[in-house]
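Take a look at the model first.

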Amino acid sequence: MASSTGFSPAHSCERCQNLILYQRDVKWWEKALGTSPDIEAHIRGLLGIRTRTWLQEKMKSESSHRDPEALHSLARYAIFDCTLGEARLAAKAGCNFCLAITNHVREHDQFYDDNHFLAGSLNGEFGPLMLEPSGRKGRNRFHIFSSQYFEILALPDNLASEEILTRPVNSAPSSKDSFHQVRQWREECLKTHQTCPKLTAKFMPTRVLEIVKLTSRNDYQLHLKETTSMAPEPYAALSYCWGGHQNITTTNESYRRHLVIIDKQVLPASVSDAVSVADNIGIRYLWIDAFCIIQDDQNDKNWEIVQMPLIYRHAAVTIVASRAREVSDGFLHERPIMGADTPDQVFELAFRCSDNRLGSVVLLPHIEPSTEPLDLRAWPLQERFLSPCIIEYGSLQTRWICQTLSEYTSPVDGFKNTSVHNKERSDFLFTRAIQNILATSESTPLDKRRHDLLGYWDNMLKVYTHRALTFGTDRLPAISGIAAHFGKSLCDEYEAGLWRSDMESQLLWKRENSFYPRKDLKLRPLKYQGPSWSWAAINEPIYPRYYKVNGDCHVDFDVVDYNIKIHSTSANFSVYDPSFGAVESASLQLKGRLGPIECMYVKGTSDIKVDQWTFKKKDDTRPEETLYGNFHLDALEAEFANGSSGSIPVYLLIVSGPTPKGLILRRIKESLFSRLGIYELRERDGDRHKEQIEWLNSSPVKTITLI
């Protein structure tokens with residue numbers, strides 16, 4: 001097979017050609033192992049006579065001949081007419097496929113021997129087949145032991161392609177055929193997708209790049225265009241990684257020159273590629289931040305950055321350069337040929353279709369999708385969520401994403417027939433969250449819809465806080481557009497990252513790895529990012545609403561007042577709701593039971609290797625008594641930064657009960673406090689535990705200000 005097919009030439013020797021991959025259902029296997037008079041015709045070309053005999057003997061010896069679980073497990077596999085011993089001999093004779101399988105299998109094992117037959121499955125699992133207990137009494141199942149895993153794919157013109165849906169990776173995403181395919185996806189969306197926005201431009205950014213086609217030759221010119229005097233027209237936006245300094249941007253010095261022409265010969269690769277995509281799908285205007293924002297004009301940056309949610313929300317399409325680590329990388333260059341790094345691990349096997357026609361498949365080493373560079377950055381999460389239509393250029397696939405199609409139905413240009421799974425990208429979360437936001441209130445009970453939306457918000461925060469920001473002060477702005485859409489559907493007020501109507505639970509977020517020792521705690525950011533009670537105050541992955549507060553908790557806790565001062569940049573410049581952006585200061589007035597304790601840090605010693613945190617009571621009843629509970633700190637306090645042991649006075653504020661859960665606080669002065677973390681006292685049998693819970697539950701009620 002030629003490398004133009006998207007993978008290296010495949011190995012196929014005389015032994016390989018006798019190994020036939022297939023998949024048949026339970027009824028077929030019942031007949032194949034039964035006593036039907038036409039059994040030879042039934043199994044011909046699939047199951048060898050000796051293989052059938054071996055299976056029957058195995059099932060009989062384990063009393064599994066009437067075991068439906070054993071039969072159901074066979075329906076996952078193709079059993080080859082080749083034993084493990086024969087495969088070892090074939091490997092020595094030069095069969096690379098048999099070598100790959102047998103190299104993965106130990107020479108001597110108590111579970112199988114050289115008389116066991118080899119099997120394969122359509123999920124790419126290959127190895128010796130064995131019968132083992134399933135875990136249910138008296139039941140057994142067939143299972144491939146010491147598995148070797150492969151990707152299984154079929155060429156588009158092969159008979160096997162009707163059942164094997166994985167294809168070669170499209171190695172040329174910038175070819176004419178590739179651009180034609182992308183145009184078709186977009187046209188199909190515009191014509192048939194009822195839930196996707198129609199092409200009626202209502203908004204344009206302050207500036208866009210205009211692609212001017214030259215009639216004299218197949219070429220174009222590029223220049224910056226101000227939009228204030230023009231009617232809105234469709235435009236594309238680019239979502240990409242800067243990856244450091246860009247050699248060419250729009251500045252005060254280059255602004256007038258860029259209005260006339262931009263030298264396309266010096267464009268960074270990702271910018272040049274974005275222009276090619278927009279041009280090839282018939283979009284004349286393109287928004288790219290490096291060129292459409294004056295980079296050395298702070299007022300212009302302030303204005304444009306707070307408009308970015310609107311810019312992506314109204315783009316006709318967003319071009320997502322997921323595979324590019326930096327702007328100089330580009331995203332339209334050729335993808336690597338599949339199996340190029342392991343040419344001796346590319347194989348061709350026969351495939352028996354369900355209608356008994358014979359095709360063939362290609363096996364390659366299993367491909368574990370890697371996290372795309374763009375999926376590690378925080379701002380692109382919002383750009384993806386807000387964009388109604390997306391063309392994403394990934395390492396393995398180009399795909400179309402819109403509000404009508406799910407992660408399972410979005411069209412792709414190769415490899416898997418659906419979008420390649422990527423846990424950092426969380427496609428399922430985007431699809432479900434968008435559907436909930438777009439849903440009408442009449443279609444779902446309000447309480448359930450609200451419950452679902454808060455759950456999706458929690459998951460969105462988990463994904464978002466795992467991503468990196470160049471500036472920690474963007475912690476709230478970089479998700480403000482998503483928050484605004486959730487706020488509209490929730491009909492709720494957003495207080496520095498937390499939802500007012502669910503404030504008790506919202507306050508009880510924790511740092512994701514808060515069980516780990518001191519070395520994993522980081523100092524608080526030097527610049528203000530948000531109040532201490534908000535997850536925006538730290539640059540760590542967080543777990544939202546770690547303790548959920550029910551309405552029947554019956555504790556003396558109340559949020560008396562909110563005092564949020566929106567950052568002047570957001571307030572002065574935004575036409576978007578500024579309450580979802582950065583804050584200059586924020587405080588809560590809280591009323592609740594407050595118990596004094598001591599937070600102690602003990603550095604690890606030669607005997608006790610791990611650093612230890614201890615929380616002790618600080619009152620007249622059993623002073624210095626260690627509290628039993630779970631304590632989760634947000635950050636490393638300055639007193640412990642140098643690693644020396646010490647202690648600081650802190651307080652426990654009860655937010656939920658009857659077993660106390662709440663905030664760990666530190667007094668700044670008088671009734672002014674800051675948050676250090678969250679806690680939960682343990683409820684166990686024993687007088688000491690009960691006494692500690694009773695002690696905290698009887699603490700005096702105080703009114704405090706939390707900043």
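## Overall picture

Among contacts (heavy atoms within 4.5 Å) in the protein chain between residues at least 6 apart in sequence, 70% join residues at least 24 apart. This is a predicted model, in which local features need pLDDT of at least 70 and side-chain atom pairs count only at pLDDT 80 or more, while totals for chains, interfaces and linings use all residues. Residues are numbered from 1 along each chain as its sequence is written, and side-chain values use heavy atoms, with hydrogens and water left out.

The protein chain holds 19 helices and 27 strands; these are DSSP runs numbered from the N terminus, with helices being H or I of at least four residues and strands E of at least two. Of its 707 residues, 54% count as buried, that is, under 20% relative accessible area, with exposed meaning over 50% and partly exposed in between (1.4 Å probe, protein chains only).

## The largest pocket

The largest pocket has a volume of about 1400 Å³. A pocket here is an open set of points on a 1 Å grid over the protein atoms alone, where a 1.4 Å probe fits, with protein on both sides within 12 Å along at least five of seven lines; lining residues have an atom within 4 Å of a point. Grid points are joined across faces, edges and corners, and the volume is the space filled by probe spheres set on them. Its lining has 49 residues, and Lys301, Ile305, Trp379, Phe471 and Asp474 are the closest to the centre.

Helix α12 gives the most to this lining, with eight residues. Elements supplying at least two residues each include β9 (235–239), α13 (379–386) and α18 (568–573).

## Glutamate 326

Glutamate 326 sits in the loop between β11 (317–320) and β12 (347–352). This residue counts as partly exposed because its relative accessibility is 31%. Its C-alpha atom is 5.0 Å from that of cysteine 241, 85 residues apart along the chain. Leaving aside residues up to four places away in sequence, glutamate 326 touches Cys241, Trp242, Gly243 and Ser270.

## Glutamine 397

Is glutamine 397 buried or exposed? With a relative accessible area of 7%, glutamine 397 is buried. Its place is in the loop between β14 (389–393) and β15 (398–402). The side chain of glutamine 397 reaches the backbone oxygen of glycine 414 at 3.2 Å. Beyond residues up to four places away in sequence, glutamine 397 touches several others, among them Arg335, Glu392, Phe415 and Val420.

Conventions: A polar contact is a pair of N or O atoms within 3.5 Å; within protein, one must be able to donate a hydrogen and the other to accept it, and residues adjacent in sequence count only if both atoms are side-chain atoms.
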